[in-house]
Amino acid sequence: MKFAVTVTLKKDVLDPQGKVVGQTLKNMGIKNLNQVRQGKFFEIDMNEKDSAKAESQVKEMCEKLLANQIIEDFKINKAE
Amino acid sequence: MKSSVIVFPGSNCDRDVAVALERLQFKNSMVWHKETELPKSDLIVVPGGFSYGDYLRSGAIAAKSNILSEVISAGKKGALVLGICNGFQILIECGLLQGALLRNSGLKFISKDILVKVQSNKNKFFNKYKSDEILKLNIAHNEGNYFTNKKHLEELENNELIPIKYCDEKGNINLKSNPNGSINNIAGIFNKNKNILGMMPHPERMADKILSGEDGLGLFLSLMN
């Protein structure tokens, strides 16, 4: 069972890398760009058939290691 | 005094700290991150470097290593713990200190000598310095931009838990004298009991006149007081 986890900086935390990427895209001529937020992506493969159990374990992984919740948010999606 | 310096794969200031401590007659042990027991020590140093290659977030992997659970319980029991640079990041990631260290506001790795002003000397780490004394220390980091919530920031400011702030030659603490965007020019913080200190500047790099200066030596001398 695979999960896709995205970790990004919280909305009110300055994301300088995302800002620079966004500015560069604007310089490349993309005028209708609002903003870019840069983050991290994890693909987590679990040896577990119970999807609720696996998902709660992935959530725990995010809380304990993958994201620093003071500055980061995480999203978990079940991948096919 | 007995001290322990924790060594991770990727630590690179561990030996510098050990030299500074041994020069002052500390009985020092180097402790590998896989160890599960800490030698009896009055001072535990979590040194600078790039533990585990800064994978995931600086300090995040080191914070989950075997020896860190020993450091955490010793710190909670009142042992003196000093985290320098990557060590500061590790102390934050393991929860001994609050807040977060973000990427430098200028997006560049900064390696240079800077000035800090001693804000408070009523603690175990800075008692050999005068209050308001300006020290020349060295910084070398990519994630030293300290950030915390408003409530915690007030707690730090009101309880003398910020021993050093970045300043200029005249001692002005402002945006211009802030190298990395750190909130309120914070260069180091204490926990509530002031037995755990995390700081971005490297005192061990300023512990020998011949090499670079001696402004950092006072910190190690203070610890012996």
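Is B:Lys165 buried, partly exposed or exposed, and at what relative accessibility? Select B:Lys165 to begin: at 10% relative accessibility it counts as buried, where buried means under 20% relative accessible area, exposed over 50% and partly exposed in between, with a 1.4 Å probe and protein chains only.

Before going on, note that this is a predicted model, in which local features need pLDDT of at least 70 and side-chain atom pairs count only at pLDDT 80 or more, while totals for chains, interfaces and linings use all residues. Residues are numbered from 1 along each chain as its sequence is written, chains are lettered from A and ligands numbered from 1 in the order in which they are written, and side-chain values use heavy atoms, with hydrogens and water left out.

**Around B:Lys165**

B:Glu157, at 32% relative accessibility, counts as partly exposed.

Now widen the selection to strand β9 (residues 164–167) of chain B, which is covered on both faces, with B:Ile164 and B:Tyr166 buried on one side and B:Lys165 and B:Cys167 buried on the other. Helices (H or I, at least four residues) and strands (E, at least two) are DSSP runs numbered from the N terminus, and two strands pair if DSSP finds at least two bridges between them. Strand β6 (residues 110–118) of chain B pairs with β9(B) in the antiparallel sense over four bridges, and B:Val116 has B:Tyr166 in β9(B) as its bridge partner. Strand β10 (residues 186–190) of chain B also runs antiparallel to β9(B), joined to it by two bridges, and here B:Ile164 stands opposite B:Gly188.

**Aromatic pairs**

Next, show the aromatic side chains; the structure holds five aromatic pairs over all chains, counted when rings of Phe, Tyr and Trp (its six-membered ring) have centres within 6.5 Å, with planes under 30 degrees apart taken as stacked, over 60 as edge-to-face and the rest as tilted. Select B:Phe88 and B:Tyr146, whose ring centres are 6.2 Å apart and whose planes meet at 15 degrees, so the pair is stacked. Because B:Phe88 lies in helix α3 (residues 86–93) of chain B and B:Tyr146 in strand β8 (residues 145–147) of chain B, the pair ties together parts that are 58 residues apart in sequence. B:Phe88 is buried, with a relative accessible area of 1%, and B:Tyr146 is buried, also with 1%. Then select B:Phe126 and B:Tyr129, an aromatic pair that is tilted, at 5.8 Å centre to centre and 40 degrees between the planes; both residues are buried.

**A salt bridge across the sequence of chain B**

Of the eleven salt bridges that the structure holds over all chains, select the one in which the side chains of B:Arg23 and B:Glu214 meet at 3.5 Å, N to O. B:Arg23 lies in helix α1 (residues 14–23) of chain B and B:Glu214 in the loop between β11 (196–199) and α5 (217–224) of chain B, so the pair ties together parts that are 191 residues apart in sequence. B:Arg23 counts as partly exposed at 41% relative accessibility, and B:Glu214 is partly exposed with a relative accessible area of 30%.

**Chain A**

Turn to chain A and display its open sheet of three strands, in the order β2-β1-β3 with antiparallel pairing. Strands β2 (39–45) and β3 (72–79) of chain A stand at the edges with a single partner strand each, so one side of each is left without a neighbour in the sheet. Strand β1 (residues 2–9) of chain A pairs with β3(A) over eight bridges in the antiparallel sense, and A:Val5 has A:Ile76 in β3(A) as its bridge partner.

Then select A:Lys59 and A:Glu63, which form a salt bridge with the closest N and O atoms 3.1 Å apart; being four residues apart in helix α2 (residues 51–66) of chain A, they are separated by about one helical turn.

**Where the chains meet**

Finally, show both chains: eleven residues of chain B are in contact with 14 residues of chain A, contact meaning heavy atoms within 4.5 Å. The two chains bury about 1,100 Å² between them, 69% of it on carbon and sulfur atoms, where buried area is the accessible area (1.4 Å probe) that two parts lose on being put together, summed over both. Select B:Leu56, B:Arg57 and B:Leu107, which supply 43% of the area that chain B buries against chain A, more than any other three residues. The count between the chains is one salt bridge, and the side chains of A:Glu72 and B:Arg57 meet in a salt bridge at 3.6 Å, N to O. End by selecting A:Lys40, A:Glu72, B:Arg57 and B:Glu93 together, which are linked in a network of salt bridges.

Key: Salt bridge = Lys/Arg side-chain N within 4 Å of Asp/Glu carboxyl O.
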